[in-house]
Amino acid sequence: MGNFSQKVDKFLEIFIEQNGYVRVVEGLKNTILIAVIGLIIGILIGTLIATFRVIPKYRLLPRVLNSICSLYVNLFRGTPMVVQLLVFYYVLLPIIGWNMTGVQVSMLVFGLNSGAYISEIMRSGIQSVDPGQMEAGRAVGLSFGASMTKIVIPQAVKNILPTLGNEFISLVKETSVVSFVGAADLYVAFNYIGTNNYEFMVPYLVMALIYIGIVFLITLLIRLLERSLRKSDRRN
């Protein structure tokens, strides 16, 4: 017990007296920012891909778009996130001459990766909506695109909300790999504290508790959104 108290004292010394908390706050900010922006990009890309993939394949263009989308999904689902980060940061960006920070690259790659997964989630959500909803929209004069955006997709989002919450949680946890491209996340912050006092037990325990707290808050938010949507459905 006394040994653990010494470990805690060492942690607090770096965390408070040597301003280690500043790095933790910055790491927490980057972790949340990467996950949130990644999710937003993923939802936009995923919804677009899912829409392309459910379009009837009577013409050449929908078939070509479907093939491109399938290639995209297989590419990002078939390679690890850390590999995608390394390829973008050390290979693709230098080739095209773009200067981006580790955090910016992480947000982009997380968004592209998430888009591949969310496209499949969204596609199943769209297919779970009664086909009569689309037919009703077309019957009152709406185009296919308008029927999708105004009628089908909003209902699909309600059906897949818990799964989207799980995707958000996965993104938060996967931010622990962004240190490979120089982004300062929670892992980098607590690793700095552990390195400075040669003691990693307490820093890593605190880091784990912070991740658990973030996941708990996300889970609570998703439940509140689900409850709110159920109330609106009953009112309708």
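This is a predicted model: local features need pLDDT of at least 70, side-chain atom pairs count only at pLDDT 80 or more; totals for chains, interfaces and linings use all residues.
**Exercise 1. How helix 5 meets helix 7**

Solution: 
- Step 1. Look at who touches whom. On the helix 5 side, the residues include Phe110, Tyr117, Ile121 and Ile126. Their partners in helix 7 include Met148, Val152, Ile160 and Leu171.
- Step 2. Sort the contact residues by kind: 14 are nonpolar, five polar and two charged.

**Exercise 2. Helix 3 against helix 5**

Task: Describe how the axes of helix 3 and helix 5 cross, and say which residues meet.

Solution: 
- Step 1. Helix 3 covers residues 60-77, and its axis comes within 9 Å of the axis of helix 5, at a crossing angle of roughly 120 degrees.
- Step 2. Because of that angle, helix 3 is oblique to helix 5.
- Step 3. The hand of this crossing is left-handed.
- Step 4. Helix 3 brings Tyr72, Val73, Phe76 and Arg77 to the contact. Among the residues they meet in helix 5 are Leu112, Ala116, Tyr117 and Glu120.
- Step 5. By kind, this contact has six nonpolar, three polar and two charged residues.

**Exercise 3. Helix 2 against helix 5**

Task: Find the angle and the axis distance for helix 2 and helix 5, then name the hand of their crossing.

Solution: 
- Step 1. Helix 2, residues 20-54, packs on helix 5 at about 40 degrees, with the axes 5 Å apart.
- Step 2. So helix 2 is oblique to helix 5.
- Step 3. The crossing is right-handed.
- Step 4. The contact residues divide into 17 nonpolar, eleven polar and three charged.

**Exercise 4. The largest pocket**

Task: Work out how much space the largest pocket holds and which helix gives the largest share of its lining.

Solution: 
- Step 1. The largest pocket holds about 220 Å³ of space.
- Step 2. Helix 5 (102-128), helix 6 (131-139) and helix 7 (144-174) each give two or more residues to the lining.
- Step 3. Helix 7 has the largest share, with three residues.
- Step 4. Find some lining residues in the structure: Val54, Ile126, Met134, Phe144 and Met148 are among them.
- Step 5. Sorted by kind, the lining has nine nonpolar residues, one polar and one charged.

Definitions and conventions
Residues are numbered from 1 along each chain as its sequence is written. Side-chain values use heavy atoms; hydrogens and water are left out. On a 1 Å grid over the protein atoms alone, a cavity is a set of points where a 1.4 Å probe fits but cannot get out, and a pocket is an open set with protein on both sides within 12 Å along at least five of seven lines; lining residues have an atom within 4 Å of a point. Grid points are joined across faces, edges and corners, and a volume is the space filled by probe spheres set on the points. Helices (H or I, at least four residues) and strands (E, at least two) are DSSP runs, numbered from the N terminus. Ala, Val, Leu, Ile, Met, Phe, Trp, Tyr, Cys and Pro count as nonpolar, Asp, Glu, Lys and Arg as charged, and the others, Gly among them, as polar. Contact means heavy atoms within 4.5 Å. Axes are lines fitted to C-alpha atoms, for helices over the stretch in contact, and angles run from 0 to 180 degrees between N-to-C directions. Angles under 35 degrees count as roughly parallel, over 145 as roughly antiparallel, 65 to 115 as roughly perpendicular and the rest as oblique. A crossing is left-handed if the near helix is turned anticlockwise from the far one by less than a right angle, and right-handed if clockwise.
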